[in-house]
Amino acid sequence: MQRSRINRIRAEAAEFIDRAGFRLPPFAHWTPDEFRDRATPAIVDARLGWDITDYGQGDYDRLGLFLFTLRNGSLAELAGGGGRVYAEKLLISQDRQICPMHTHGLKTEDIINRWGATLAIRLVGSDEAGRMDRSRGVTVDCDGTSRWIEAGGILRLEPGESVTLRPGDWHEFWAEGGPCLIGEVSTVNDDLTDNIFAAPIGRFARIDEDEAPERLLVSDYDEWLAAADNE
């Protein structure tokens, strides 16, 4: 993805979030220079912040997602059974823009339609080894009510509605009828190792630096902050 497009998507997403009445934390507004000077390990190590991906496929409008990680604990605390064992994100899905079929090995997550259009989620079960089994359905919890979704069936959530997805619940999702602001509340989030895709795709975008970043993405942190340390 071109950095200029990422900059535009980020700015448009910030406006959409603001219209929804949600306020982002202070570090969301830091320029790259401010981030280098002010970011703490609690922000960098937890990979809090902006995240825009086309999954390395070069077709963001069809296959892509905007995310902002608001808070995140650590795998060490999760393994220890105490402390900050949770995470929270905001996501924006555009009309018919697919977040591709995937599951997680560790993370249980509530996916919440916060505002906007309908959120459609296609669900598939897994076999005993956790591999996707297109013949298996899934039983999920929707706001305290248990629901059975047949293999490949679509669950539609209106604003205010949510679903709990557990490891082995394969899912892909998209908005219908316009953009949708999505909340994700989960156990600790590890985007480096805990995203298992059905297709051989990557989690992060490959970036063409055609202009300077207005804000750093979480996928920028290692390279940009290392470069700052070497200056």
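1. Contact here means heavy atoms within 4.5 Å. On that basis, and leaving aside neighbours within four places in sequence, Leu24 is in contact with Ile17, His29, Trp50, Phe68, Leu70 and Leu90. The model is a predicted one.

2. Leu24 belongs to the largest nonpolar core, which has 30 residues. Together with Phe35, Ile52, Phe66 and Phe68, Leu24 is one of the members that touch the most others. At least two residues of this core come from each of helix H1 (3-19), helix H3 (41-44), strand E1 (49-53), strand E2 (65-72), strand E3 (86-93) and helix H5 (221-230). H1 gives the largest share, five residues. Apart from this core lies another, of 23 residues, including Ile121, Ile149, Leu165 and Phe197. In soluble globular proteins, nonpolar side chains tend to be buried together.

3. The protein chain has five helices and twelve strands. Of the contacts between residues at least 6 apart in sequence, 74% join residues at least 24 apart.

4. How does the overall size fit a compact globule? For 231 residues such a globule would have a radius of gyration near 17 Å, and the protein chain, at 18 Å, agrees with this. The C-alpha trace spans about 55 × 45 × 35 Å along its principal axes.

5. Buried residues account for 50% of the 231 in the protein chain. The accessible surface is about 10800 Å², and carbon and sulfur atoms make up 47% of that surface. The protein chain carries 26 positive and 41 negative charges, whose mean positions are 3 Å apart.

How values were computed
Residues are numbered from 1 along each chain as its sequence is written. This is a predicted model: local features need pLDDT of at least 70, side-chain atom pairs count only at pLDDT 80 or more; totals for chains, interfaces and linings use all residues. Side-chain values use heavy atoms; hydrogens and water are left out. Helices (H or I, at least four residues) and strands (E, at least two) are DSSP runs, numbered from the N terminus. The radius of gyration is taken over C-alpha atoms; the globule rule is 2.2 Å times the number of residues to the power 0.38. Buried means under 20% relative accessible area, exposed over 50%, partly exposed in between (1.4 Å probe, protein chains only). Accessible areas come from the Shrake-Rupley method with a 1.4 Å probe; for residues, only the protein chains shown count as cover. Lys and Arg count as positive and Asp and Glu as negative; His and the chain ends are not counted. The place of a charge is taken as NZ of Lys, CZ of Arg, CG of Asp or CD of Glu. A nonpolar core is a set of buried Ala, Val, Leu, Ile, Met, Phe, Trp, Tyr and Cys residues joined through side-chain atoms within 4.5 Å.
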